[in-house]
Amino acid sequence: MTLHTDLALRLLIAVTRSGEIPVALPGFSAAHRVSYNHVAKVGQALVHAGYLRSVRGRSGGMKLAMPPEDIRIGHVVRKMEPTMQMADCPNCVINRDCSLISPLDEAKRAFLDVLDRQTLADVARSTRSVAA
């Protein structure tokens, strides 16, 4: 996954965990040590995809646009990574005679199948610690 998709998932989890309190993007970008401009683009993409809504004003930020139980992680990944290419097969000179295309496609389907079984509510309530 790209950093764009990773940040999208992290932002969705943060917004879910914040409940009714909007998540301000400047604070989120600082906490995750990522440029505000990049986080703003991710937030915009999530708003455009219908997962988040923007709340204006002094205590504004991002809030969920739908219940977290209705958001499948696999769907988010597909929205953020529309081509989901694991390799540059279209531009590869051995494309016509390559036996790697099928296993990569199968791996991609398996990866997305696992993510499709998880909702945002599932991953936001996980309490597993992550090594820094």
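Y51 is buried in the predicted model, its relative accessible area of 7% falling under the 20% limit for burial. This residue is located in the loop that joins α3 to β1. Leaving aside residues up to four places away in sequence, Y51 touches L12, L46, K63, L64, A65, M66, I71, H75, V76 and K79. The C-alpha atom of Y51 is separated by 35 Å from that of L100, a residue 49 positions away along the chain.

The protein as a whole contains six helices and two strands, arranged from the N terminus in the order α-α-α-β-β-α-α-α. The C-alpha trace spans about 60 × 30 × 30 Å along its principal axes. Of the 132 residues, 30% are buried. Among contacts with a separation of 6 or more, 65% are between residues 24 or more positions apart.

Helix α3 comprises 13 residues, 36-48. The buried residues of α3 are V39, V42, G43 and L46. These residues cover an arc of only 100° around the helix axis, and are therefore on the same side of α3. Such a pattern can be related to helix geometry: an α-helix has 3.6 residues a turn, so residues three or four places apart point the same way. The exposed residues N37, K41, Q44 and H48 are carried by the face of α3 turned away from the buried side. The buried residues of α3 pack against several elements, namely α1 (3-18), α2 (25-31), β1 (52-55), β2 (61-64) and α4 (73-80). After α3 comes G50, which has a positive phi near 90°.

Two helix pairs were examined in terms of packing geometry. Two packed helices are described by the angle between their axes and the distance between the axes. For α1 and α3, the angle is about 70° and the axes are 9 Å apart. The two helices are therefore roughly perpendicular to each other, since angles of 65 to 115 degrees are counted in that class. On the α1 side the contact is formed by L3, H4, L7, A8, L11 and L12, and on the α3 side by H38, V39, K41, V42, G43, A45 and L46. Sorted by class, the residues in this contact of α1 with α3 are nine nonpolar, three polar and one charged.

The second pair consists of α4 and α5, the latter formed by residues 101-116. Their axes are 6 Å apart and meet at an angle of about 130°, which makes α4 oblique to α5. In this contact, I73, G74, H75, V77 and R78 of α4 meet F111, L112, L115 and D116 of α5. The contact of α4 with α5 has five nonpolar, two polar and two charged residues.

Helix α5 has 16 residues, and the distance from its first C-alpha to its last is 22 Å, close to the expected 22 Å at 1.5 Å a residue. L112, L115 and D116 are the buried residues of α5. Viewed down the helix axis, they fall within an arc of 100°, so they line one face of α5. These buried residues pack against α4. The face of α5 turned away from the buried side carries the exposed residues S102 and E106.

Notes. Residues numbered from 1 in each chain as written. Predicted model: local features only at pLDDT ≥ 70, side-chain atom pairs only at ≥ 80, totals over all residues. Heavy atoms only, no water. Helix = DSSP H or I, 4+ residues; strand = E, 2+ residues; numbered from the N terminus. Expected span 1.5 Å × (residues − 1). Buried < 20%, exposed > 50% of the residue type's maximum accessible area, 1.4 Å probe, protein only. Arc of directions from axis to C-beta. Contact = heavy atoms within 4.5 Å. Axes fitted to C-alpha atoms, helices over the stretch in contact; angles between N-to-C directions. Parallel < 35°, antiparallel > 145°, perpendicular 65-115°, else oblique. Nonpolar A, V, L, I, M, F, W, Y, C, P; charged D, E, K, R; others polar.
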